[in-house]
Amino acid sequence: MRKSQLLIIGILLLFAACSSPDKQSADVTKTSSATAFKKDSTEKRVLSQEFKEYWYDGLAEISNYNLSIERYGEVREGNAVLIFVTEPFDPTDQIKADQQSDSNISVLKLNATMDFNTGIYPYKIMSSTFLPLEREENAIKVATSIQEWCGHTYMQLNLRNNQYDGVLYSYFQSEGNTQFKLKNAILENQIAMQLRLDPSKMPVGSISIIPSTEHLRLNHIEPKALPAIASSEIIDDYLKYTIDYKSGRSLSYRVQKKFPFQILSWEEYQTSENTQPTIKATLKKSIRTPYWKKNSNKFASLRDSLAL
């Protein structure tokens, strides 16, 4: 065999030896990431035909609420908006799926905002929560930002390997930029979403629940699951669902008894001694529309339909 042929064979073998580990590493990384959230890890969630017809018709439900919230020892008036919509979700990267894939899952997304002023400066709060619809699983992700003139904070929880991976970025030195883990438990952020599925299937009795990311950040509380008692009762033409934390804080939702189980109002009490709610939101207006297609100035009148 000629020296030139031997040289070519040597180069090809060297190339194969160098390229194989990279391919193997990429495959291992992809497999590891894909197992972060298993589509078949829990029991299948049963969705009613009413639910499918209402939530898979290409529309979102947008509801505006009168908001009363206590901040810095005074009550502030503002607006809270709940936006419910279904969408495909990439469980590996845990973001909205832009491309069709067999690995995608269907989620109910809730974008919840609160806007109010504290004296001269405004507060803008938004959280996005994603609840899997194919399996009986807790929310797979929640991301929350709080913006005000002093600075802003961002907190995110991702459900991976049966626990929540959390990150917190804050302008407060005492909080800093941190990473943490929480055991898999019900998120307070997902309660409004579960109520929309079927209030009669809500957990009651003793539960372990992670307080809302908004509550944790506004009060600078360490994230962790807390013991609480959940209860449900029918009052007149609505259902009331209440969570009483053993620490004294309580949260209650009033929901339509019949489908689509719209959220009529919610209240929060900081301690059992409170006679007035620290947060109260009451429904003003609601519309159903594909808002992502209504970003032209000609659609600005839709804000009037929501009393915004």
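Threonine 242 stands opposite serine 252, a residue of strand β14. The model in which this pairing is found is a predicted one.

On to the next partner of β14. Strand β15, residues 263–269, also runs antiparallel to β14, with six bridges joining the two. Here leucine 251 has glutamate 268 of β15 as its bridge partner. The hairpin of β14 and β15 has six residues between the strands, and phenylalanine 261 takes a positive phi near 55 degrees in it. How many of the seven residues of strand β14 are buried? Six of them are, so this strand, residues 250–256, is largely enclosed by the rest of the structure.

Ring pairs link Phe261 with Phe51, Tyr54, Trp55, Phe84 and Phe259 into a cluster. In total, the structure holds 14 aromatic pairs. One of the pairs is formed by tyrosine 121 and tryptophan 149, whose rings are stacked, with 6.4 Å from centre to centre and 25 degrees between the planes. This pair links distant parts of the chain, 28 residues apart: tyrosine 121 is in strand β5 (residues 121–132), while tryptophan 149 is in the loop between β6 (141–148) and β7 (151–160). The two partners also fall into separate accessibility classes. Tyrosine 121 counts as buried because its relative accessibility is 17%, under the 20% limit. Tryptophan 149 counts as exposed because its relative accessibility is 59%, over the 50% limit.

Charged side chains also meet aromatic rings. Arginine 71 lies over the face of tyrosine 72, at 4.7 Å from the ring centre. Likewise, the charged end of lysine 294 sits over the ring of phenylalanine 299, at 5.3 Å from its centre.

These details belong to a protein chain with five helices and 16 strands. Of its 308 residues, 45% count as buried. Among contacts in the chain with a separation of 6 or more, 50% are accounted for by residues 24 or more positions apart. The accessible surface of the chain comes to about 16,900 Å², and carbon and sulfur atoms contribute 52% of that area.

Key: Residues are numbered from 1 along each chain as its sequence is written. This is a predicted model: local features need pLDDT of at least 70, side-chain atom pairs count only at pLDDT 80 or more; totals for chains, interfaces and linings use all residues. Side-chain values use heavy atoms; hydrogens and water are left out. Helices (H or I, at least four residues) and strands (E, at least two) are DSSP runs, numbered from the N terminus. Buried means under 20% relative accessible area, exposed over 50%, partly exposed in between (1.4 Å probe, protein chains only). Contact means heavy atoms within 4.5 Å. Accessible areas come from the Shrake-Rupley method with a 1.4 Å probe; for residues, only the protein chains shown count as cover. Rings of Phe, Tyr and Trp (its six-membered ring) pair if their centres lie within 6.5 Å; planes under 30 degrees apart count as stacked, over 60 as edge-to-face and the rest as tilted. A charge sits over a ring if NZ of Lys or CZ of Arg is within 6 Å of the ring centre and within 35 degrees of the ring normal. Two strands pair if DSSP finds at least two bridges between them.
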